[in-house]
Amino acid sequence: MSEHQPPFQAPVGTHDVLGPQSALWEGMVAHFAEMAYRYGFELCLTPMFEDVGVFNRGIGENSDVAKKEMYVFTDRGDRTYALRPEGTASVVRAFVEHNPTAPWKAWYVTPAFRYERPQAGRYRQHHQLGVEVLGTDDPAIDVEVISLAYRFYQAIGLRQVRLMVNSMGHDECRGAYVALLQRYLSERVNELCDEHQKSWSTNALRVLDCKKQACIETTSRGPMLPDHVCQDCREHYEHVVAGLTSLGIASEANPRLVRGFDYYTRTTFEFVSDALGSAQNAVGGGGRYDKLSEQLGGKPAGGIGFGSGIERLLLAREAEGVTSPLVKRTTDVFVVDTTGEDVATALVDELRSLGYATERAYDSRSMKAQMKVADKSGARWALLIGPQERAANQVTIRDLRSGDFEKSQRVVDRNDLVSALNELAK
Ligand code: HAM
């Protein structure tokens with residue numbers, strides 16, 4: 001006797017993507033791939049899991065993501081791995097390992113795993129589209145990377161996206177600033193939020209982007225990063241902002257934009273959607289990480305990139321009321337074969353080879369049942385072949401969008417079918 005088991009469900013904080021939503025995902029990735037190609041990026045695929053050290057060293061052991069959110073596991077060979085929580089560290093590890101010609105421009109699409117408290121726009125498995133460039137410090141590449149993101153958002157229909165920028169400075173000027181901030185915070189620990197009363201000393205920069213009023217008020221009276229970056233970093237930042245302005249891309253200076261990972265240096269940026277609630281409104285973010293290659297054992301190589309959450313982009317489109325389909329995923333032709341189905345097999349093969357998105361029914365169903373599926377498929381035309389049509393070597397073409405299909409349908413010779421369809425498709 002088999003006991004009834006409840007069916008399995010996708011793990012908490014994850015989701016399945018099925019049609020018609022999956023067509024939007026396809027369109028999103030196709031648009032991004034096409035744009036990345038136009039901007040000179042090549043696709044880079046890296047494993048979904050890495051030695052945990054890649055992330056601990058890359059994003060920083062004290063970052064929230066490394067400390068609290070990584071999926072870490074030991075495999076059967078006793079190696080400690082982590083599922084990738086983000087895309088950058090893996091791509092830089094691959095750069096160090098393979099030493100491609102610099103500047104190296106790579107794009108990716110990947111799931112990312114973070115053990116976060118699930119809510120709208122925040123998942124334990126989300127998906128990112130992103131790019132990374134390694135081997136140049138030129139502010140022109142910062143402009144290129146940020147403009148690629150901006151143009152992509154425009155291309156997928158987003159209009160209510162704002163760009164915020166900041167400079168984190170380089171090792172030295174940031175180090176000096178952090179010391180100053182720590183001194184400032186050490187005298188005001190009681191004024192901070194509960195969490196940062198405990199953790200301010202391990203990562204003082206985190207206090208800057210804390211959303212709690214206590215931290216906002218305390219830090220707003222304290223030293224701010226942009227006033228303390230060195231001349232070189234300031235000039236680099238000014239070049240980036242001027243470059244963006246010259247392309248007609250408006251940016252807002254946000255001195256609190258320190259982002260969540262330790263690898264950032266100089267330029268940091270984030271795109272927020274005003275159509276989304278303020279909690280999870282970042283549709284993309286990124287920045288420079290000029291020391292990351294060395295931190296992962298490679299040669300010095302400046303780098304910059306960004307990642308965008310596909311789920312957030314789709315939520316932002318929905319919130320803005322954007323309905324453009326991004327990619328055509330509709331059926332052109334539905335073959336209704338009531339002869340016993342051998343006609344359909346050859347016909348769908350031929351039409352598909354000629355470029356028609358073609359569907360058919362299975363399981364020898366009745367004409368009525370097949371027509372029901374044809375109507376549901378959204379196809380433009382049904383091709384009807386019954387015993388009569390087969391005997392006369394003919395096909396009936398029915399326009400499924402016509403209100404009066406009896407009137408609009410026509411019978412064509414099987415040999416003229418393709419030219420008749422081509423004519424109709426014009
Ligand atoms: P991030 O800001 O952590 O940066 O993530 C990039 C984007 O992924 C966010 O702006 C958001 O759209 C989306 N995202 C992040 N976490 C979640 C989540 N739990 N659920 C849904 N969407 C999420 C990075 O990951 C860096 N690797 C970006 C980068 C590339 N920096 C330099 N190069």
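Here are legends for a few close-up views of this predicted model.

**View 1. Helix 1 meets helix 12.** Helix 1 spans residues 21–38 and helix 12 spans residues 310–320; helices here are DSSP runs of H or I with at least four residues, numbered from the N terminus. Their axes come within 11 Å and cross at roughly 110°, where axes are lines fitted to C-alpha atoms over the stretch in contact and angles run from 0 to 180 degrees between N-to-C directions. The two helices are therefore roughly perpendicular to each other, a label for angles of 65 to 115 degrees.

**View 2. The residues that touch.** From helix 1 come Gln21, Leu24, Trp25, Met28 and Val29, and from helix 12 come Ile310, Glu311, Leu313, Leu314 and Arg317; contact means heavy atoms within 4.5 Å. By class, these residues are 7 nonpolar, 1 polar and 2 charged. Ala, Val, Leu, Ile, Met, Phe, Trp, Tyr, Cys and Pro count as nonpolar, Asp, Glu, Lys and Arg as charged, and the others, Gly among them, as polar.

**View 3. The second largest pocket.** A pocket is an open set of points on a 1 Å grid over the protein atoms alone, where a 1.4 Å probe fits, with protein on both sides within 12 Å along at least five of seven lines; lining residues have an atom within 4 Å of a point. This pocket is lined by 17 residues, with Arg174, Val178, Asn203, Leu205 and Asp262 nearest its centre. Helix 6 (171–186) and helix 8 (204–208) each supply at least two lining residues, and helix 6 gives the largest share, 5 residues. The lining has 7 nonpolar, 5 polar and 5 charged residues.

**Reading notes.** Residues are numbered from 1 along each chain as its sequence is written, and side-chain values use heavy atoms, leaving out hydrogens and water. In this predicted model, local features need pLDDT of at least 70 and side-chain atom pairs count only at pLDDT 80 or more, while totals for chains, interfaces and linings use all residues.

How values were computed. Parallel < 35°, antiparallel > 145°, perpendicular 65-115°, else oblique.
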